[in-house]
Amino acid sequence: MPNFLRSRWLQRWVLGCSCLLLILLGHSASIAQSQNVLRVGTEPAFPPFEFQAPGGGLQGFDIDLMQAIAQAEGLRVEFQSLPFDGLIPALQARTVDAAISSMTITAERQQTVDFSRPYFKAGLAIAVRANNTNTTDLASLQNQTIGVQIGTTGAETARKISSATIRTFDSAPLALQALLNGNVSAVINDAPVTLYAIKTNNLTGIKVTSQLLTEEFYGIATPKNSADLARINAGLTRILSNGTYDRIYRKWFNAQAPSLATATVPGSTPQSETAPLATSGAVITRALPILLQGALITLQLTALSVLLGLIGGTLMGLARLSASRPLRWFARAYIDFFRGTPLLVQILMIYFGIPALVQGLGFTFTFNRLGAAVLALSLNSTAYLAEIVRAGIQSIEVGQVEAAQSLGLGPGQTLRYVVFPQAFRRMLPPLGNEFITLLKDTSLVSVIGFEELLRRGQLIVADNYRAFEIYAAVALVYLVLNLLSSQAFSFLEARMNPNRRSRQSSSSD
(Lines give C-alpha, C1' and ligand atoms only; values in the text may rest on other atoms or scores of the structure.)
Protein backbone atom coordinates (compact mmCIF):
# COMPACT_ATOMS: atom_id res chain seq x y z
CA MET A 1 0.00 0.00 0.00
CA PRO A 2 2.69 2.58 0.85
CA ASN A 3 4.44 1.86 -2.47
CA PHE A 4 1.14 2.34 -4.30
CA LEU A 5 0.52 5.65 -2.55
CA ARG A 6 4.01 6.84 -3.31
CA SER A 7 3.53 5.87 -6.96
CA ARG A 8 0.23 7.72 -7.23
CA TRP A 9 1.68 10.74 -5.44
CA LEU A 10 4.67 10.75 -7.79
CA GLN A 11 2.42 10.57 -10.85
CA ARG A 12 0.33 13.49 -9.66
CA TRP A 13 3.44 15.51 -8.82
CA VAL A 14 4.92 14.93 -12.28
CA LEU A 15 1.58 15.75 -13.97
CA GLY A 16 1.19 18.95 -11.94
CA CYS A 17 4.73 20.10 -12.71
CA SER A 18 4.21 19.39 -16.40
CA CYS A 19 1.00 21.47 -16.48
CA LEU A 20 2.70 24.29 -14.62
CA LEU A 21 5.60 24.21 -17.08
CA LEU A 22 3.22 24.35 -20.04
CA ILE A 23 1.38 27.30 -18.52
CA LEU A 24 4.64 29.15 -17.90
CA LEU A 25 5.87 28.46 -21.43
CA GLY A 26 2.55 29.62 -22.87
CA HIS A 27 2.63 32.76 -20.77
CA SER A 28 6.21 33.49 -21.84
CA ALA A 29 5.25 32.97 -25.47
CA SER A 30 2.27 35.30 -25.09
CA ILE A 31 4.51 37.96 -23.52
CA ALA A 32 7.01 37.63 -26.36
CA GLN A 33 4.21 37.80 -28.87
CA SER A 34 2.59 40.82 -27.17
CA GLN A 35 5.87 42.73 -27.52
CA ASN A 36 5.32 42.63 -31.28
CA VAL A 37 1.67 43.66 -31.06
CA LEU A 38 0.67 47.32 -31.22
CA ARG A 39 -2.79 48.09 -29.84
CA VAL A 40 -4.06 51.07 -31.80
CA GLY A 41 -7.23 52.98 -30.98
CA THR A 42 -9.30 54.59 -33.73
CA GLU A 43 -12.80 55.86 -34.35
CA PRO A 44 -14.09 54.16 -37.52
CA ALA A 45 -16.55 56.92 -38.46
CA PHE A 46 -14.30 59.37 -40.29
CA PRO A 47 -14.06 58.37 -43.96
CA PRO A 48 -11.83 58.33 -45.93
CA PHE A 49 -9.36 58.08 -43.05
CA GLU A 50 -10.99 55.33 -40.99
CA PHE A 51 -14.35 53.62 -41.48
CA GLN A 52 -16.02 50.24 -41.61
CA ALA A 53 -15.34 47.98 -44.57
CA PRO A 54 -18.24 46.13 -46.23
CA GLY A 55 -17.01 42.86 -44.73
CA GLY A 56 -17.01 44.26 -41.20
CA GLY A 57 -13.32 45.14 -40.84
CA LEU A 58 -11.67 48.56 -40.93
CA GLN A 59 -10.43 50.47 -43.95
CA GLY A 60 -9.21 53.93 -44.83
CA PHE A 61 -6.07 55.99 -45.27
CA ASP A 62 -5.12 55.86 -41.57
CA ILE A 63 -5.72 52.10 -41.41
CA ASP A 64 -3.50 51.40 -44.44
CA LEU A 65 -0.85 53.80 -43.14
CA MET A 66 -0.72 52.23 -39.67
CA GLN A 67 -0.46 48.74 -41.12
CA ALA A 68 2.37 49.87 -43.41
CA ILE A 69 4.22 51.42 -40.46
CA ALA A 70 3.80 48.24 -38.44
CA GLN A 71 4.98 46.08 -41.32
CA ALA A 72 8.06 48.25 -41.74
CA GLU A 73 8.92 47.73 -38.07
CA GLY A 74 7.99 44.05 -37.86
CA LEU A 75 4.90 44.70 -35.72
CA ARG A 76 1.35 43.45 -35.81
CA VAL A 77 -1.52 45.91 -35.34
CA GLU A 78 -4.66 45.25 -33.31
CA PHE A 79 -7.19 48.02 -33.89
CA GLN A 80 -9.66 48.95 -31.17
CA SER A 81 -12.74 51.01 -32.04
CA LEU A 82 -13.22 53.88 -29.59
CA PRO A 83 -15.12 57.19 -29.64
CA PHE A 84 -12.88 60.08 -30.63
CA ASP A 85 -13.22 61.84 -27.28
CA GLY A 86 -12.20 58.59 -25.56
CA LEU A 87 -8.90 58.11 -27.43
CA ILE A 88 -6.73 60.36 -25.25
CA PRO A 89 -8.22 58.97 -21.99
CA ALA A 90 -7.48 55.47 -23.33
CA LEU A 91 -3.88 56.52 -24.00
CA GLN A 92 -3.60 57.96 -20.50
CA ALA A 93 -4.87 54.68 -19.05
CA ARG A 94 -2.54 52.79 -21.45
CA THR A 95 -5.36 50.53 -22.58
CA VAL A 96 -4.06 51.23 -26.09
CA ASP A 97 -0.45 51.74 -27.21
CA ALA A 98 -1.23 54.36 -29.87
CA ALA A 99 -4.12 56.19 -31.50
CA ILE A 100 -4.52 57.10 -35.15
CA SER A 101 -7.78 58.86 -35.96
CA SER A 102 -7.03 62.06 -37.92
CA MET A 103 -5.97 63.69 -34.66
CA THR A 104 -4.60 67.18 -35.13
CA ILE A 105 -1.35 67.96 -33.31
CA THR A 106 -2.06 70.78 -30.85
CA ALA A 107 -0.18 72.26 -27.92
CA GLU A 108 -3.01 71.38 -25.55
CA ARG A 109 -2.99 67.73 -26.55
CA GLN A 110 0.80 67.58 -26.32
CA GLN A 111 0.57 68.31 -22.63
CA THR A 112 -1.22 64.97 -22.23
CA VAL A 113 0.14 62.68 -24.97
CA ASP A 114 3.13 62.49 -27.31
CA PHE A 115 2.75 62.72 -31.09
CA SER A 116 4.67 61.20 -33.93
CA ARG A 117 6.02 63.31 -36.76
CA PRO A 118 3.14 64.62 -38.92
CA TYR A 119 1.66 62.14 -41.36
CA PHE A 120 -1.03 64.30 -43.05
CA LYS A 121 -1.59 67.94 -43.90
CA ALA A 122 -5.19 69.13 -43.72
CA GLY A 123 -7.36 72.07 -42.72
CA LEU A 124 -10.80 72.97 -41.44
CA ALA A 125 -13.61 73.98 -43.77
CA ILE A 126 -17.20 75.15 -43.39
CA ALA A 127 -19.96 72.95 -44.77
CA VAL A 128 -23.37 74.54 -45.43
CA ARG A 129 -26.53 73.68 -47.29
CA ALA A 130 -26.31 74.09 -51.06
CA ASN A 131 -28.72 77.05 -51.15
CA ASN A 132 -26.74 79.00 -48.53
CA THR A 133 -24.91 81.92 -50.19
CA ASN A 134 -24.32 84.04 -47.09
CA THR A 135 -21.88 81.86 -45.18
CA THR A 136 -18.32 82.21 -46.45
CA ASP A 137 -16.09 82.56 -43.38
CA LEU A 138 -16.10 82.41 -39.59
CA ALA A 139 -17.42 85.95 -39.22
CA SER A 140 -20.55 85.03 -41.15
CA LEU A 141 -21.29 82.24 -38.64
CA GLN A 142 -22.11 84.65 -35.82
CA ASN A 143 -25.55 84.03 -34.30
CA GLN A 144 -25.74 80.75 -36.23
CA THR A 145 -26.15 77.16 -35.01
CA ILE A 146 -22.97 75.22 -35.76
CA GLY A 147 -22.53 71.44 -35.71
CA VAL A 148 -19.17 69.96 -34.70
CA GLN A 149 -17.70 66.64 -33.63
CA ILE A 150 -16.93 66.57 -29.92
CA GLY A 151 -13.29 66.88 -28.94
CA THR A 152 -12.05 68.07 -32.35
CA THR A 153 -10.25 71.24 -33.46
CA GLY A 154 -13.45 72.09 -35.32
CA ALA A 155 -15.22 72.26 -31.95
CA GLU A 156 -12.44 74.47 -30.55
CA THR A 157 -12.70 76.83 -33.53
CA ALA A 158 -16.49 77.01 -33.27
CA ARG A 159 -16.32 78.01 -29.60
CA LYS A 160 -14.37 81.14 -30.57
CA ILE A 161 -17.24 82.46 -32.69
CA SER A 162 -19.22 85.03 -30.74
CA SER A 163 -22.97 84.53 -30.27
CA ALA A 164 -22.89 81.14 -32.01
CA THR A 165 -24.82 78.13 -30.71
CA ILE A 166 -22.71 74.96 -30.73
CA ARG A 167 -24.21 71.49 -31.24
CA THR A 168 -21.78 68.65 -30.52
CA PHE A 169 -22.10 65.20 -32.09
CA ASP A 170 -20.22 61.97 -31.54
CA SER A 171 -19.08 61.69 -35.15
CA ALA A 172 -18.71 63.78 -38.30
CA PRO A 173 -21.40 61.84 -40.27
CA LEU A 174 -23.97 62.66 -37.56
CA ALA A 175 -23.06 66.35 -37.73
CA LEU A 176 -23.43 66.35 -41.53
CA GLN A 177 -26.76 64.51 -41.25
CA ALA A 178 -27.96 67.20 -38.83
CA LEU A 179 -26.94 69.82 -41.39
CA LEU A 180 -28.80 67.99 -44.14
CA ASN A 181 -31.90 67.77 -41.92
CA GLY A 182 -31.73 71.48 -41.13
CA ASN A 183 -30.98 71.05 -37.41
CA VAL A 184 -27.80 73.16 -37.73
CA SER A 185 -26.84 76.00 -40.08
CA ALA A 186 -23.26 74.88 -40.74
CA VAL A 187 -20.68 72.25 -39.83
CA ILE A 188 -17.00 72.97 -39.15
CA ASN A 189 -14.98 69.87 -39.94
CA ASP A 190 -11.83 68.68 -41.69
CA ALA A 191 -12.03 69.57 -45.37
CA PRO A 192 -10.93 66.17 -46.83
CA VAL A 193 -13.47 64.28 -44.72
CA THR A 194 -16.34 66.59 -45.62
CA LEU A 195 -15.52 66.53 -49.35
CA TYR A 196 -15.25 62.72 -49.30
CA ALA A 197 -18.60 62.39 -47.50
CA ILE A 198 -20.32 64.68 -50.00
CA LYS A 199 -18.85 62.80 -52.95
CA THR A 200 -19.35 59.20 -51.83
CA ASN A 201 -22.71 59.60 -50.08
CA ASN A 202 -24.22 61.81 -52.79
CA LEU A 203 -25.06 64.57 -50.30
CA THR A 204 -26.31 66.91 -53.00
CA GLY A 205 -27.82 69.31 -50.48
CA ILE A 206 -24.42 70.20 -48.91
CA LYS A 207 -21.45 72.19 -50.17
CA VAL A 208 -18.08 73.26 -48.75
CA THR A 209 -16.97 76.89 -48.80
CA SER A 210 -13.82 77.46 -50.82
CA GLN A 211 -11.82 79.06 -48.00
CA LEU A 212 -9.84 76.81 -45.65
CA LEU A 213 -9.95 78.09 -42.07
CA THR A 214 -6.73 76.54 -40.79
CA GLU A 215 -3.67 74.54 -41.76
CA GLU A 216 -3.39 71.44 -39.60
CA PHE A 217 -1.19 68.39 -39.30
CA TYR A 218 -2.31 64.96 -38.13
CA GLY A 219 -0.11 62.84 -35.88
CA ILE A 220 -0.15 59.39 -34.30
CA ALA A 221 -0.65 59.81 -30.55
CA THR A 222 1.04 57.68 -27.90
CA PRO A 223 1.14 57.80 -24.09
CA LYS A 224 3.71 60.09 -22.53
CA ASN A 225 7.26 58.69 -22.69
CA SER A 226 6.12 55.61 -24.61
CA ALA A 227 8.80 53.36 -26.04
CA ASP A 228 6.56 52.72 -29.06
CA LEU A 229 6.88 56.32 -30.31
CA ALA A 230 10.41 55.80 -31.64
CA ARG A 231 9.37 52.67 -33.55
CA ILE A 232 6.32 54.44 -35.01
CA ASN A 233 8.46 57.39 -36.14
CA ALA A 234 11.03 55.05 -37.62
CA GLY A 235 8.39 53.13 -39.56
CA LEU A 236 6.71 56.32 -40.76
CA THR A 237 10.04 57.74 -41.95
CA ARG A 238 10.79 54.52 -43.80
CA ILE A 239 7.49 54.39 -45.72
CA LEU A 240 7.79 58.12 -46.54
CA SER A 241 11.18 57.50 -48.13
CA ASN A 242 10.46 54.27 -50.00
CA GLY A 243 7.29 55.46 -51.79
CA THR A 244 4.77 53.45 -49.75
CA TYR A 245 3.20 56.62 -48.31
CA ASP A 246 2.76 58.10 -51.80
CA ARG A 247 0.98 54.96 -53.00
CA ILE A 248 -1.41 54.97 -50.03
CA TYR A 249 -2.10 58.70 -50.46
CA ARG A 250 -2.82 58.32 -54.17
CA LYS A 251 -5.09 55.35 -53.49
CA TRP A 252 -7.41 57.35 -51.23
CA PHE A 253 -7.11 60.90 -52.59
CA ASN A 254 -6.00 60.40 -56.21
CA ALA A 255 -3.46 63.20 -55.87
CA GLN A 256 0.23 63.79 -55.25
CA ALA A 257 1.14 63.64 -51.57
CA PRO A 258 2.30 67.00 -50.14
CA SER A 259 5.61 67.42 -48.36
CA LEU A 260 5.50 66.97 -44.58
CA ALA A 261 7.59 68.22 -41.68
CA THR A 262 10.23 65.87 -40.32
CA ALA A 263 11.23 66.09 -36.68
CA THR A 264 9.73 69.49 -35.93
CA VAL A 265 6.13 69.05 -34.87
CA PRO A 266 3.80 72.01 -35.53
CA GLY A 267 2.00 73.23 -32.45
CA SER A 268 4.57 71.91 -29.99
CA THR A 269 4.94 73.63 -26.64
CA PRO A 270 8.25 73.72 -24.75
CA GLN A 271 8.19 71.66 -21.61
CA SER A 272 8.91 74.71 -19.45
CA GLU A 273 5.73 76.39 -20.67
CA THR A 274 3.52 73.47 -19.80
CA ALA A 275 1.24 74.35 -16.92
CA PRO A 276 1.30 71.97 -13.94
CA LEU A 277 -1.60 69.58 -13.76
CA ALA A 278 -4.34 70.56 -11.34
CA THR A 279 -5.19 68.25 -8.46
CA SER A 280 -8.19 65.94 -8.74
CA GLY A 281 -10.11 67.96 -6.17
CA ALA A 282 -9.55 71.18 -8.09
CA VAL A 283 -10.64 69.56 -11.36
CA ILE A 284 -13.87 68.26 -9.83
CA THR A 285 -14.57 71.55 -8.05
CA ARG A 286 -14.29 73.53 -11.28
CA ALA A 287 -16.45 71.03 -13.17
CA LEU A 288 -19.16 70.62 -10.52
CA PRO A 289 -21.24 73.76 -11.34
CA ILE A 290 -21.41 72.74 -15.00
CA LEU A 291 -22.30 69.17 -14.08
CA LEU A 292 -25.06 70.34 -11.73
CA GLN A 293 -26.57 72.38 -14.56
CA GLY A 294 -26.59 69.20 -16.63
CA ALA A 295 -28.13 67.31 -13.70
CA LEU A 296 -31.01 69.78 -13.60
CA ILE A 297 -31.65 69.23 -17.30
CA THR A 298 -31.49 65.45 -16.71
CA LEU A 299 -34.13 65.68 -13.98
CA GLN A 300 -36.41 67.84 -16.13
CA LEU A 301 -36.04 65.46 -19.06
CA THR A 302 -36.75 62.42 -16.85
CA ALA A 303 -39.78 63.94 -15.15
CA LEU A 304 -41.34 65.06 -18.43
CA SER A 305 -40.68 61.72 -20.13
CA VAL A 306 -42.05 59.70 -17.20
CA LEU A 307 -45.19 61.85 -17.05
CA LEU A 308 -45.89 61.41 -20.76
CA GLY A 309 -44.88 57.76 -20.55
CA LEU A 310 -47.26 57.16 -17.66
CA ILE A 311 -50.15 58.65 -19.63
CA GLY A 312 -49.25 56.61 -22.70
CA GLY A 313 -48.50 53.52 -20.62
CA THR A 314 -51.90 53.70 -18.92
CA LEU A 315 -53.68 53.92 -22.27
CA MET A 316 -51.55 51.16 -23.76
CA GLY A 317 -52.02 48.97 -20.66
CA LEU A 318 -55.79 49.37 -20.91
CA ALA A 319 -55.53 48.52 -24.61
CA ARG A 320 -53.78 45.29 -23.66
CA LEU A 321 -56.82 44.40 -21.52
CA SER A 322 -59.35 45.54 -24.10
CA ALA A 323 -62.00 43.20 -25.47
CA SER A 324 -61.11 44.40 -28.98
CA ARG A 325 -58.68 41.96 -30.58
CA PRO A 326 -57.16 44.49 -33.08
CA LEU A 327 -56.54 46.92 -30.21
CA ARG A 328 -54.85 44.20 -28.16
CA TRP A 329 -52.70 43.23 -31.16
CA PHE A 330 -51.67 46.84 -31.78
CA ALA A 331 -50.72 47.32 -28.12
CA ARG A 332 -48.75 44.06 -28.09
CA ALA A 333 -46.92 44.99 -31.31
CA TYR A 334 -46.06 48.44 -29.91
CA ILE A 335 -44.73 47.00 -26.66
CA ASP A 336 -42.71 44.29 -28.39
CA PHE A 337 -41.12 46.81 -30.78
CA PHE A 338 -40.03 49.36 -28.19
CA ARG A 339 -38.93 46.75 -25.66
CA GLY A 340 -37.18 44.68 -28.32
CA THR A 341 -35.07 47.45 -29.90
CA PRO A 342 -32.31 49.48 -28.19
CA LEU A 343 -33.27 52.93 -26.93
CA LEU A 344 -30.16 54.37 -28.58
CA VAL A 345 -31.34 53.15 -31.97
CA GLN A 346 -34.77 54.66 -31.34
CA ILE A 347 -33.21 58.05 -30.49
CA LEU A 348 -31.12 58.04 -33.67
CA MET A 349 -34.06 56.90 -35.77
CA ILE A 350 -36.34 59.66 -34.45
CA TYR A 351 -33.85 62.55 -34.53
CA PHE A 352 -31.97 61.73 -37.73
CA GLY A 353 -34.09 59.17 -39.56
CA ILE A 354 -37.60 60.64 -39.50
CA PRO A 355 -36.60 64.14 -40.77
CA ALA A 356 -34.53 62.58 -43.55
CA LEU A 357 -37.49 60.35 -44.51
CA VAL A 358 -39.96 63.23 -44.52
CA GLN A 359 -37.62 65.51 -46.45
CA GLY A 360 -37.11 62.72 -48.97
CA LEU A 361 -40.84 62.96 -49.66
CA GLY A 362 -40.50 66.64 -50.50
CA PHE A 363 -41.59 68.17 -47.18
CA THR A 364 -39.61 70.48 -44.90
CA PHE A 365 -39.36 69.00 -41.43
CA THR A 366 -36.83 69.15 -38.59
CA PHE A 367 -36.83 67.92 -35.00
CA ASN A 368 -36.01 70.05 -31.99
CA ARG A 369 -33.45 68.23 -29.82
CA LEU A 370 -35.58 68.46 -26.70
CA GLY A 371 -38.65 67.32 -28.58
CA ALA A 372 -36.80 64.38 -30.13
CA ALA A 373 -35.28 63.37 -26.77
CA VAL A 374 -38.60 63.55 -24.89
CA LEU A 375 -40.43 61.73 -27.69
CA ALA A 376 -37.93 58.87 -27.82
CA LEU A 377 -37.75 58.46 -24.04
CA SER A 378 -41.53 58.73 -23.64
CA LEU A 379 -42.28 56.20 -26.37
CA ASN A 380 -39.78 53.77 -24.89
CA SER A 381 -41.03 54.31 -21.35
CA THR A 382 -44.63 53.83 -22.48
CA ALA A 383 -43.89 50.25 -23.51
CA TYR A 384 -42.51 49.32 -20.07
CA LEU A 385 -45.09 51.28 -18.11
CA ALA A 386 -47.90 49.64 -20.10
CA GLU A 387 -46.93 46.23 -18.76
CA ILE A 388 -46.65 47.63 -15.23
CA VAL A 389 -50.14 49.12 -15.49
CA ARG A 390 -51.58 45.93 -16.98
CA ALA A 391 -50.05 43.76 -14.24
CA GLY A 392 -51.23 46.17 -11.54
CA ILE A 393 -54.81 46.14 -12.78
CA GLN A 394 -54.87 42.36 -13.15
CA SER A 395 -53.56 41.96 -9.59
CA ILE A 396 -56.85 43.32 -8.15
CA GLU A 397 -59.25 40.57 -7.16
CA VAL A 398 -62.21 39.99 -9.46
CA GLY A 399 -64.52 40.04 -6.45
CA GLN A 400 -63.91 43.77 -5.96
CA VAL A 401 -64.99 44.47 -9.52
CA GLU A 402 -68.12 42.38 -8.99
CA ALA A 403 -68.85 44.19 -5.73
CA ALA A 404 -68.54 47.57 -7.45
CA GLN A 405 -70.86 46.47 -10.22
CA SER A 406 -73.40 45.26 -7.65
CA LEU A 407 -73.38 48.78 -6.18
CA GLY A 408 -74.31 50.20 -9.56
CA LEU A 409 -70.89 51.50 -10.63
CA GLY A 410 -70.15 51.42 -14.34
CA PRO A 411 -66.90 50.08 -15.87
CA GLY A 412 -65.27 53.52 -15.95
CA GLN A 413 -66.28 54.31 -12.36
CA THR A 414 -65.14 50.90 -11.19
CA LEU A 415 -61.74 51.43 -12.77
CA ARG A 416 -61.43 54.97 -11.44
CA TYR A 417 -62.65 54.58 -7.87
CA VAL A 418 -62.02 50.91 -7.01
CA VAL A 419 -59.42 49.22 -9.22
CA PHE A 420 -56.91 51.91 -10.14
CA PRO A 421 -56.29 53.40 -6.65
CA GLN A 422 -55.43 49.95 -5.29
CA ALA A 423 -53.45 49.00 -8.40
CA PHE A 424 -51.45 52.24 -8.24
CA ARG A 425 -50.19 51.39 -4.75
CA ARG A 426 -48.99 48.03 -6.02
CA MET A 427 -47.41 49.66 -9.08
CA LEU A 428 -45.32 52.12 -7.06
CA PRO A 429 -42.23 49.88 -6.61
CA PRO A 430 -41.90 49.02 -10.35
CA LEU A 431 -42.75 52.65 -11.21
CA GLY A 432 -39.85 53.74 -9.01
CA ASN A 433 -37.56 51.29 -10.80
CA GLU A 434 -38.68 52.61 -14.18
CA PHE A 435 -38.07 56.22 -13.09
CA ILE A 436 -34.53 55.40 -11.95
CA THR A 437 -33.84 53.41 -15.12
CA LEU A 438 -35.10 56.24 -17.28
CA LEU A 439 -33.04 58.77 -15.33
CA LYS A 440 -29.91 56.81 -16.22
CA ASP A 441 -31.06 56.22 -19.80
CA THR A 442 -31.24 59.97 -20.40
CA SER A 443 -27.47 59.77 -20.87
CA LEU A 444 -28.15 58.19 -24.27
CA VAL A 445 -29.59 61.43 -25.68
CA SER A 446 -26.04 62.82 -25.60
CA VAL A 447 -25.62 61.12 -28.99
CA ILE A 448 -27.78 63.84 -30.58
CA GLY A 449 -25.87 66.62 -28.82
CA PHE A 450 -28.36 67.17 -26.02
CA GLU A 451 -26.29 68.66 -23.20
CA GLU A 452 -27.58 66.79 -20.18
CA LEU A 453 -25.35 65.52 -17.36
CA LEU A 454 -23.24 63.02 -19.30
CA ARG A 455 -22.76 65.36 -22.28
CA ARG A 456 -21.57 68.14 -20.00
CA GLY A 457 -19.01 65.72 -18.61
CA GLN A 458 -17.90 64.66 -22.09
CA LEU A 459 -17.40 68.28 -23.12
CA ILE A 460 -15.25 68.92 -20.04
CA VAL A 461 -13.14 65.81 -20.71
CA ALA A 462 -12.67 66.89 -24.34
CA ASP A 463 -11.20 70.13 -23.00
CA ASN A 464 -9.02 69.01 -20.06
CA TYR A 465 -8.53 65.25 -20.74
CA ARG A 466 -9.11 64.41 -17.05
CA ALA A 467 -11.39 61.47 -17.73
CA PHE A 468 -11.25 59.70 -14.37
CA GLU A 469 -12.05 62.72 -12.21
CA ILE A 470 -14.82 64.05 -14.45
CA TYR A 471 -16.56 60.73 -15.09
CA ALA A 472 -16.25 59.86 -11.39
CA ALA A 473 -17.99 63.16 -10.60
CA VAL A 474 -20.66 62.38 -13.21
CA ALA A 475 -21.21 58.94 -11.66
CA LEU A 476 -21.45 60.48 -8.19
CA VAL A 477 -24.09 62.99 -9.34
CA TYR A 478 -26.11 60.16 -10.95
CA LEU A 479 -25.80 58.18 -7.71
CA VAL A 480 -27.09 61.08 -5.62
CA LEU A 481 -30.01 61.65 -8.01
CA ASN A 482 -30.94 57.97 -7.92
CA LEU A 483 -30.70 57.77 -4.13
CA LEU A 484 -32.93 60.82 -3.74
CA SER A 485 -35.41 59.36 -6.24
CA SER A 486 -35.41 56.04 -4.40
CA GLN A 487 -36.07 57.78 -1.08
CA ALA A 488 -38.89 59.82 -2.62
CA PHE A 489 -40.64 56.71 -3.91
CA SER A 490 -40.12 54.93 -0.58
CA PHE A 491 -41.74 57.89 1.20
CA LEU A 492 -44.64 57.83 -1.27
CA GLU A 493 -45.14 54.09 -0.71
CA ALA A 494 -45.23 54.62 3.04
CA ARG A 495 -47.71 57.47 2.73
CA MET A 496 -50.05 55.39 0.56
CA ASN A 497 -49.81 52.27 2.69
CA PRO A 498 -53.33 51.56 4.08
CA ASN A 499 -51.91 49.76 7.12
CA ARG A 500 -50.07 52.94 8.09
CA ARG A 501 -53.24 55.00 7.86
CA SER A 502 -55.19 52.48 9.93
CA ARG A 503 -52.48 52.55 12.64
CA GLN A 504 -52.57 56.35 12.69
CA SER A 505 -56.37 56.43 13.01
CA SER A 506 -56.33 53.85 15.82
CA SER A 507 -53.65 55.76 17.72
CA SER A 508 -55.62 59.00 17.42
CA ASP A 509 -58.67 57.28 18.88
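1. Helix α10 passes α15 in a right-handed crossing; a crossing is right-handed if the near helix is turned clockwise from the far one by less than a right angle, and left-handed if anticlockwise. Helices here are DSSP runs of H or I with at least four residues, strands are runs of E with at least two, and both are numbered from the N terminus. The axes of α10 and α15 (residues 411–441) come within 11 Å and cross at roughly 140°. Axes are lines fitted to C-alpha atoms, for helices over the stretch in contact, and angles run from 0 to 180 degrees between N-to-C directions. The pair is therefore oblique, the class left over once angles under 35 degrees (roughly parallel), over 145 (roughly antiparallel) and 65 to 115 (roughly perpendicular) are taken out.

2. On provenance, this is a predicted model, in which local features need pLDDT of at least 70 and side-chain atom pairs count only at pLDDT 80 or more, while totals for chains, interfaces and linings use all residues. Residues are numbered from 1 along each chain as its sequence is written, and side-chain values use heavy atoms, with hydrogens and water left out.

3. Overall figures for the chain follow. The secondary structure amounts to 18 helices and 15 strands. Of the 509 residues, 45% are buried, where buried means under 20% relative accessible area, exposed over 50% and partly exposed in between (1.4 Å probe, protein chains only). The accessible surface is about 25,600 Å², with 60% of it on carbon and sulfur atoms; areas come from the Shrake-Rupley method with a 1.4 Å probe. Taking contacts (heavy atoms within 4.5 Å) between residues at least 6 apart in sequence, 73% join residues at least 24 apart.

4. Thr-314 deserves a separate look. With a relative accessible area of 18%, this residue counts as buried. Beyond neighbours within four places in sequence, Thr-314 is in contact with Val-389 and Phe-420.

5. Helix α10 also packs on α17 (residues 467–495), at an angle of about 45° and with the axes 9 Å apart. That angle makes the two helices oblique, and their crossing is right-handed. The contact involves residues of α10 including Ser-280, Val-283, Ala-287, Leu-291 and Ala-295, and residues of α17 including Ile-470, Val-474, Val-477, Tyr-478 and Leu-481.

6. Ile-284 belongs to α10 and is partly exposed, with 29% relative accessibility. Leaving out residues up to four places away in sequence, Ile-284 touches Glu-469 and Ala-473.

7. A further partner of α10 (residues 280–320) is α11 (residues 325–340); their axes come within 7 Å and cross at roughly 130°. The two are therefore oblique, and this crossing is left-handed. From α10 the contact uses Met-316, Ala-319 and Arg-320, and from α11 it uses residues among them Leu-327, Phe-330, Ala-331, Tyr-334 and Ile-335.

8. Most residues other than glycine have a negative phi, and most peptide bonds are trans. Pro-47 and Pro-48 are joined by a cis peptide bond, with omega about 10°; Pro-48 sits in the loop between β2 (45–46) and β3 (50–52). Arg-94, not a glycine, has a positive phi of about 60°. Arg-94 lies in the loop between α3 (87–92) and β6 (98–99) and is partly exposed at 45%. Asn-143 likewise has a positive phi, about 65°, in the loop between β9 (124–129) and β10 (145–149); at 59% relative accessible area Asn-143 is exposed.

9. Where is Asn-242 placed? This residue is in the loop between α8 (228–241) and α9 (244–253), and at 42% relative accessibility it is partly exposed. The side chains of Asn-242 and Thr-244 are joined by a polar contact of 2.8 Å. Such a contact is a pair of N or O atoms within 3.5 Å, and within protein one must be able to donate a hydrogen and the other to accept it; residues adjacent in sequence count only if both atoms are side-chain atoms.
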